[in-house]
Amino acid sequence: MLTVLVRRLANVIPTLFAIVAVVFLLFSVLPGSFISAMNEDGRGMIDPAVMERMRKEMGLDDPLIERFGKYVGHLAIGDLGNSFRTKEPVTKLIGDRLWPSLKLVLAAMLFAIVIGVPLGFIAALKPGSVTDATSMVVAISGLSLPKFWLGLMLMYLFALQLKLLPSFGYGDGGLTHLTLPAIALGVSPMALLARTTRAAVLDVLNADFVRTARSKGMSEPRVVTWHVMRNALVLVITTIGLQFGSLMGQAVVVEKLFAWPGVGSLLVDSVFQRDVPAVQGCILLIVLFFLAINTLIDLAYVAIDPRIRYA
Amino acid sequence: MSDVPLLAVDGLRIDIGSGAQRHAAVEGVSFSIARGETFGLVGESGCGKSITALSIMGLLRQPLSLGGGTIVLDGQPIHKASAAEMRSLRGRRIGMIFQEPMTALNPLSPVGRQIAEMFVLHMGMGWKEANDRAVESLRQVRVPSPERRIHDYPHQLSGGMRQRVMIAIALACSPDMLIADEPTTALDVTVQAEIVDLMRELCAAKGTAILMISHDLGLVAQVCRRVAVMYAGRIVEQRASAEVFKDPRHPYTRGLLASLPRLGARSKQGRQRLNEISGVVPAVSAFPKGCRFNPRCTARTDVCMVEDPATTALDGGVGLVRCHNA
């Protein structure tokens with residue numbers, strides 16, 4: 001298990017470096033800068049001399065290689081630079097947003113797993129039944145609804161009409177404020193999980209060893225709990241991992257919509273203002289999250305399937 | 001054969017599909033197996049031998065269904081047994097081993113546990129006791145150092161070892177009958193003989209009858225006292241193994257025998273190809289009119305094209321053949 005972990009982590013570092021380089025280069029070829037964005041922001045014309053001075057201070061005129069080298073150097077000691085906008089360290093900006101973001105993503109994933117996996121399971125145990133058809137219609141709709149539309153509908157129904165939950169904001173960070181954004185974010189992974197689980201269980205139910213289990217005189221519930229579940233889990237875990245990992249990135253839309261103070265909304269704001277250090281920090285975090293989840297999934301494989309040894 | 005047979009299958013019909021798409025994949029199959037007897041079911045792929053076995057286990061699944069006939073185990077009509085009754089029979093009174101031991105074992109479960117399940121299911125043991133019994137079972141099928149092997153997963157064992165595990169599972173509860181569906185097809189030739197011997201020896205010791213299913217007439221004749229040859233969902237010849245070898249009556253049986261490779265045949269007769277039965281098994285939905293073997297038969301006459309042959313008794317009533325010209 002430990003060697004697996006070490007190997008995975010060794011893979012993470014080059015991946016991270018590549019991502020950092022791509023994001024950095026992307027922003028250096030994009031037209032416009034923090035200063036031109038300030039100008040467009042309707043704050044009026046800025047004195048060209050002032051603009052020139054600011055460019056110097058922010059080091060925007062230095063050669064690309066030099067800027068990149070500096071950035072990576074600082075990154076290595078955990079310094080993500082200062083935000084152009086607030087002048088605060090990016091680490092602090094992100095640190096403030098991290099917990100709300102994690103909370104949202106975890107809640108959404110929990111929702112997706114708790115609803116999606118059983119839904120797929122039930123559908124697979126009675127293929128072609130009404131339950132099967134219904135749950136798959138739910139799954140398809142969940143997959144095809146855009147998150148922002150779904151979010152708006154949830155707000156309309158639960159906040160405006162039923163007046164059960166607050167329509168947006170973080171509040172005290174409790175469950176009442178968390179519920180709607182978590183559902184809005186969790187519906188599409190839930191739908192995907194339901195479909196994958198159904199396919200995985202159906203696949204395993206047709207396996208030879210399930211026929212063996214039946215030939216042993218096992219009741220169908222026992223066949224499922226003793227032999228089907230664990231085997232289907234291997235496939236389901238893959239989907240959970242991929243969805244979970246990308247959820248922090250997907251959260252951007254939902255966080256913006258619900259005014260949720262997470263990394264996603266910080267990212268959007270920073271992009272609009274060309275706050276390059278903050279954007280890079282946010283993307284780095286989203287990537288790190290993805291890699292971390294992937295590593296956890298790899299460990300989970302090893303724990304579940306004895307055939308897998310990353311030797 | 002004197003008293004009540006252990007298993008009596010009579011007029012078995014297995015349907016495939018439903019409604020207008022329904023066809024009989026197996027039709028009019030009757031045979032019986034006495035206690036401790038060895039009986040072989042031989043035929044090409046798709047002739048219905050495997051689904052006949054599954055129907056005895058009550059394991060036919062969509063689109064297959066039991067279309068008619070009776071299956072009686074030890075006086076109990078199991079074709080109309082409830083699901084719960086069938087469950088208590090499966091594993092306990094009829095064990096089954098399958099062709100491919102790699103896929104027939106759960107890859108995520110140690111083999112010891114997969115054997116121990118039998119004792120937990122049918123003998124009400126706790127897992128600890130069942131595990132001890134699993135070690136004993138492995139020892140019986142001559143797996144070396146069984147105490148350590150029970151912790152192994154299927155992928156850590158060789159094909160022969162896996163099939164031994166399958167045999168241990170099937171015979172764990174000393175069933176009255178063992179159904180072996182192509183038990184050696186996926187194995188190396190050298191391992192085949194070991195597995196067959198092991199199976200025969202253990203069954204003889206426990207008094208377990210064997211229903212062996214194979215496409216290999218030579219193997220079946222070597223293991224089984226009696227043989228039924230199936231073609232296109234029907235038994236075409238059913239006799240003692242010795243008689244089949246000595247004097248095959250159905251043209252299909254003769255074809256099967258002729259297609260067996262013989263050592264030394266080449267040197268005696270010069271360079272020679274193996275014989276084959278030309279053509280393929282007809283699809284279930286398109287069985288030919290008259291005798292089902294007629295498109296491939298070398299001894300075909302006019303009556304074969306129009307009239308379905310009835311069975312003719314052979315060997316003083318213990319054997320039968322389904323052919324106009326036998």
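Which domains does the domain assignment of chain A give? Domain 1 (2-90) and domain 2 (96-304). The bounds come from an automatic or database domain assignment.

This is a predicted model: local features need pLDDT of at least 70, side-chain atom pairs count only at pLDDT 80 or more, and totals for chains, interfaces and linings use all residues. Residues are numbered from 1 along each chain as its sequence is written, while chains are lettered from A and ligands numbered from 1 in the order in which they are written.

**View 1. Confidence along chain A.** pLDDT is the predictor's confidence in each residue, from 0 to 100. Chain A has a mean pLDDT of 86. In chain A, 96% of residues reach 70 or more. Elements here are DSSP runs numbered from the N terminus: helices (H or I, at least four residues) and strands (E, at least two). Among the elements of chain A, the lowest mean pLDDT (69) belongs to helix α2 (residues 34-40) of chain A. The highest (94) belongs to helix α9 (residues 208-215) of chain A. Where pLDDT is low, the predicted coordinates should not be read in detail.

**View 2. Where the two domains of chain A touch.** The C-alpha centres of domain 1 of chain A and domain 2 of chain A are 32 Å apart. Domain 1 of chain A puts 22 residues into the contact, and domain 2 of chain A puts in 17 residues. Two residues are in contact if their C-beta atoms, placed from the backbone, lie within 7 Å. On the domain 1 side, α1 (2-29) and α2 of chain A are the elements that give two or more residues. α1(A) gives the most, with 11 residues. This side of domain 1 of chain A divides into 14 nonpolar, 6 polar and 2 charged residues. Nonpolar covers Ala, Val, Leu, Ile, Met, Phe, Trp, Tyr, Cys and Pro; charged covers Asp, Glu, Lys and Arg; the others, Gly among them, are polar.

**View 3. The side of chain B that touches chain A.** Here 23 residues of chain B are in contact with 18 residues of chain A. Helices α2 (83-89), α3 (101-104) and α4 (111-123) of chain B each supply at least two residues of this side. The largest share, 4 residues, comes from α4(B). The chain B side divides into 12 nonpolar, 6 polar and 5 charged residues.

**View 4. An open sheet in chain B.** Its 4 strands run in the order β2-β1-β4-β5 (chain B), with antiparallel pairing. β2 (23-33) and β5 (76-77) of chain B stand at the edges, each with a single partner strand, so one side of each has no neighbour in the sheet. Two strands pair if DSSP finds at least two bridges between them. Strand β1 (residues 7-16) of chain B pairs with β2(B) over 7 bridges. B:Ile16 has B:His23, in β2(B), as its bridge partner.

View 5. B:Glu243 is found in helix α10 (residues 241-246) of chain B. B:Glu243 counts as partly exposed because it has 17 C-beta neighbours inside 10 Å. A residue is buried if 20 or more other C-beta atoms lie within 10 Å of its own, exposed if 12 or fewer, and partly exposed in between; C-beta atoms are placed from the backbone. Leaving aside neighbours within four places in sequence, B:Glu243 is in contact with B:Asp315 and B:Gly319. In helix α11 (residues 251-258) of chain B, the buried residues are B:Pro251, B:Tyr252, B:Thr253 and B:Leu256. These pack against α9 (217-223), β9 (226-231), β10 (234-240) and α10 of chain B.
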